[in-house]
Amino acid sequence: PPVAPASPADGLAPDVDGVTPAERSRFRVLLEGLPLYVRCTEQRGRGLYAARAIPKGTVIFEEAPLMAMQTLPNRADCAVCARCFRFLGSVELQLELLARRQPLQTLSLADVALELPTAPVRDPQQLSEVVRCEWGCGELYCGAACRAAAAPAH
C-alpha cells in the first residue's frame, strides 16, 4: 500500500521554520539552558541561532571529541599532545619540526635544544610543556594532567 505523506500532526513533517515537532522536542532537550534555537532558512538551510546577544568569548557549548587522531605524516609536521592535541613546546620547536620534517619522537633533545619545563608555561613563545610518556613508548603530552588522564587507555 502507498505510504501516506508526513503531516504536522504526526511529528514528522517540518513546521514553517523547517524543523519537525519531534526534532524541536529533541533540540529543546539538547539546548536546554542555552541561549540558542534551531531554525531552517532558504538561504542557509538548518542552523543554530542565538536567541539573544552573546558576549564575545562566551563558551556556548563544549564537549570532548568522540574520536581524534594525528595522522602519521602529520607527526612529522608538528608536535601535539597525544591526548588533547595541544601544540607542544615552543613556536621555535614547531618551526624546527616543519623545517626538518622529522617527528619529534625520533629527535634527540640535543637536536632541537628542547628543554622539558617543570614550571607552568609563562613565556608567550612557549605553547605548552613537553611531558614524555612514563612507560617509554615515545608519546608526548602537554602536561602531567593529560599524561595521567591518558594512562588508563595506555
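A: Helices, of at least four residues, and strands, of at least two, are DSSP runs numbered from the N terminus. The model here is a predicted one. Its chain comes to five helices and four strands.

Q: In which order do the elements of the chain run from the N terminus on?
A: The order is α-β-β-α-α-α-β-β-α.

Q: What share of the 154 residues in the chain is buried?
A: A residue counts as buried when its relative accessible area is under 20% and as exposed when it is over 50%. In this chain, buried residues make up 25% of the 154 residues. The chain exposes about 11,100 Å², and carbon and sulfur atoms supply 58% of that area.

Q: Which residues of helix α3 are buried?
A: Helix α3 covers residues 91-100, and its buried residues are Leu 93, Gln 94 and Leu 97. Viewed down the axis of α3, these buried residues fall within an arc of 100°, so they line one face of the helix. Glu 92, Leu 95 and Ala 99, on the other side of α3, are exposed.

Q: In what sense do β1 and β2 pair, parallel or antiparallel?
A: Two strands are taken as paired if at least two bridges are found between them. β1 and β2 pair in the antiparallel sense, over six bridges. Leu 36 stands opposite Ala 50 in β2. The link from β1 to β2 is a hairpin through three residues.

Q: How many aromatic pairs does the structure hold?
A: Two rings pair if their centres lie within 6.5 Å, and planes under 30 degrees apart count as stacked. The structure holds one aromatic pair. The ring centres of Tyr 37 and Tyr 49 are 5.9 Å apart and the planes are at 25°, so the pair is stacked. Tyr 37 lies in β1 (residues 36-41) and Tyr 49 in β2 (residues 45-50), so the pair ties together parts that are twelve residues apart in sequence.

Q: Why does Tyr 37 count as partly exposed?
A: Partly exposed is the class between buried and exposed. Tyr 37 belongs there because its relative accessibility is 33%. Tyr 49 is also partly exposed, with a relative accessible area of 22%.

Q: Over which ring does the charged end of Arg 39 sit?
A: For an Arg, the test is that CZ is within 6 Å of the ring centre and within 35 degrees of the ring normal. The charged end of Arg 39 sits over the ring of Tyr 49, at 4.4 Å from its centre. Likewise, the charged end of Arg 26 sits over the ring of Phe 27, 5.5 Å from its centre.

How values were computed: Residues are numbered from 1 along each chain as its sequence is written. This is a predicted model: local features need pLDDT of at least 70, side-chain atom pairs count only at pLDDT 80 or more; totals for chains, interfaces and linings use all residues. Side-chain values use heavy atoms; hydrogens and water are left out. Buried means under 20% relative accessible area, exposed over 50%, partly exposed in between (1.4 Å probe, protein chains only). The arc is that of the directions from the helix axis to the C-beta atoms. Accessible areas come from the Shrake-Rupley method with a 1.4 Å probe; for residues, only the protein chains shown count as cover. Rings of Phe, Tyr and Trp (its six-membered ring) pair if their centres lie within 6.5 Å; planes under 30 degrees apart count as stacked, over 60 as edge-to-face and the rest as tilted.
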